[in-house]
Amino acid sequence: MVDDRITTADNRIDGDAPLVVDGLTKEFGSIVANDDVSFAVQEGEIFGFLGPNGAGKSTTIRLLLGLLRPTAGTARVLGADVRDEDALTAAKSRIGYLPSTLRFGEEVTGEAVLNYHGAIKGEARRAELLELFTPPIERPVREYSTGNERMLGLVQAFMHDPDLVIMDEPTSGLDPLKQERFNAFVRRERDRGTTIFFSSHVLSEVRRVCDRVGILRSGSLVELENVDTLLHRGGKHVRVHADDAALTGLTALDGIVDPERFAEGIQFVYVGDTNDLLRKLAAYDVRDVEIGEPAIEDVFAHYYGRNPELDDAHGEGGGETGAGPGSPSQDSDGGPGGV
Amino acid sequence: MFETARYEARRKIRGTLILTAGVGAYAGFIVWYFTVLEGVDYEDVFADLPPAMLEAFGIENLSTIEGFLGAQLFSFVWLLGLGLYFAYVAGGTVAGDIETGRIDLLVSLPVARSRLLVEKFAALFVPMLAVNVLGGPIIYVFVVAIGESIPASHLALTHLLSIPFFLVCGGIGLVFSVAANRATVAERGAVATVFVLYLVESVVGGADEYDWIQYLSPTQYYDPTPTLIDGSFDPIDSAILLVAFAGLILLSVAAFERRDL
C-alpha cells in the first residue's frame, strides 16, 4: 500500500504538475465511488489509470472535467481547481478529453462536429490528425461504427494541440491495428511534451504505453507504481488442453496460482519463469496452449486477496464490458509478456 | 462567439421547416373551411357549448375571418399546440444530452455551463421565429386568396405577442430539462405542466373565488383572438410573460450550474 502521507507530500512538491489529485472523494448517496484518491501526473508523461470495471475510474475522470462535484478533497487541472468553474473553463481550452461513451448527436456529420469543436477550442492539428485517424467525416455520425466514433473522438481530443489529454478507456472499440497506431501516436504526443492521462481496465494496454500507473480499486488508489513493477507482478494467464497425466503434473509446478480444471484442460495464473513453464509443457502431450495476460481482476485477487465486499462493482454504470477472468484472448496477441 | 447557438440552431432547421409546413398546411385548411361554413348560423352551432369552453377556445365572432382564425387556428395551434411543442422541445434541451452522455463532450469545451445552457435554449428561436415570420405571410396569402381581408398589422401583432408566450413555455421545459436525467421525463413533465396550467386556467375562469389560480398559467397572458379582431392587447401581459421567462432562465441556469452531470 502506498503511504498516503508520502503521496500527499509528493503532491506538494509537484504543486505545479499538470494534474494534481488531492484527497478526492465522491459519494453518490451511500455509495463511495472515489475514496480519498491522491496522486499527481507529471508534465510530459503517460499516466495509466488502471482498475477493474466499476472501480470508479470514470468518476475520477468526470470529477477532473468538472462534470461532477467532489464530496470532499479536490484536484487541480493545469493549475485550475476543479471546484472553480471559471478557472476550469479557462483551462479547458488546453485540455483534450475523450469520454468513455461518445455521443456527438446522431444526425450531424463528423465534419459538422469537428467544425463546432474547432470553432470553440481551435483546430490547428485537425488535418494532420485526420490523416492518422480516418473517420468518414462526410457521413452522419449515426452511420459510424464504434471504431469510427472513437477515431472522431480522438481527432477532437487532440486537434487543438492541448497540453493535457484525459481519456476514458480510449482504445475500447479499436481493432488491434488501430490500437497499435494509437499507442505509437500517444508516445509521439508524449515526446512532444503533451501530458497524457488515460484509464483502462486492460493491463496489456497500460503496460505497452504508460510511464507510470495508478491502480484504482473500489474507489481507492491502491498502488502507484512504475510499469516494470506491474509487469513483474502481473503473471500470465495460461490455459492448457492436455491429457489427465499432464494436467496432474502441471498442477504440481511452482508458481501456479488458482489452478482450475475444466473438461479437457486446466487454466491458471503463472507467476514463475516462463522458460520453466515451457520446458515443463514440452515434457507432456499438450494439444493446445494459450499464454496471455491475466485479467486485471485476477491480478488484484492474487496480490491483494479477494474481498467480496470490496469486489462489488460500484461507482460506474454498466457501460464498460471487458475481458473477464478466463478470457485472455484480447491480451494474448503479442504483448511483451506473451509467448 | 455563439458557436453553440449556431451549431444547435443548424440542427433545428430541418424540424423547423417540417413544423412550419405543417402549421401552414393546417392554416390553409382552416381558411378553406371558412369558405365552406359561409352562411351557417354560428350562434346556433355553438349555443349549446358551456360558457367555459367558449371562453377556452376564444370562440367569438366566428362569422368574420379574424374571429374564425382566432378560434380555430390561433387558440388551437398557437396557444395550445405550439405552446406544448416548445415546452416539449425545451424539455429535451440538456436532458437528452445528459441521458446519452453527449453532455461529457459539451462540458469539456471551454464554455461555462451557464453559457452552454443559454445558447442551447437560444437555438429554439429558430422554430419560434420561423413559425411566425413564415406562418404570418402564409396565413395572409391564404386569406387574400379566398377573397377575404385581414388587417396585416393585427395579424403581425398577434404573431409578435406569441413570442413571449412561447418563451415561457420553453422556459418551463428548460427547468424540467436541467432537473431530469432523462429526456422523456423532462419532455413529458414540461408538456403535462403547460397542459394542466392551460386546463386549469380554462376551468377556473368562471369561478370568482379561485380565479387567482388562472394567473399562474402562461395561457392567461396571450389572447390572440381580440388582437386579431381589433388589434387590442394588454402590454402588461407581455411584460409579465417576459419577467416570468427571465425567472425561469435564471432558475434553470442556477440548477444546471450546481448539478452533477
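I started with chain B: residues 24 or more positions apart make up 77% of its contacts with a separation of 6 or more (a contact being two C-beta atoms, placed from the backbone, within 7 Å).

Before going on, I noted that this is a predicted model, where local features need pLDDT of at least 70, side-chain atom pairs count only at pLDDT 80 or more, and totals for chains, interfaces and linings use all residues. Residues are numbered from 1 along each chain as its sequence is written, with chains lettered from A and ligands numbered from 1 in the order written.

Chain B, continued. I found 13 helices and zero strands (DSSP runs numbered from the N terminus, helices being H or I of at least four residues and strands E of at least two). Its radius of gyration over C-alpha atoms is 19 Å, close to the 18 Å of the globule rule (2.2 Å times the number of residues to the power 0.38), so chain B is as compact as a globular protein of 261 residues. The C-alpha trace spans about 65 × 45 × 30 Å along its principal axes.

Then chain A. I looked up the sheet, which is open, with four antiparallel strands in the order β2-β1-β4-β5 (pairing takes at least two DSSP bridges). β2 (31-41) and β5 (80-81) of chain A are the edges, each with a single partner strand, so one side of each has no neighbour in the sheet. I checked β1 (residues 19-28) of chain A against β2(A) and got seven bridges, antiparallel. L19(A) sits opposite V41(A) of β2(A).
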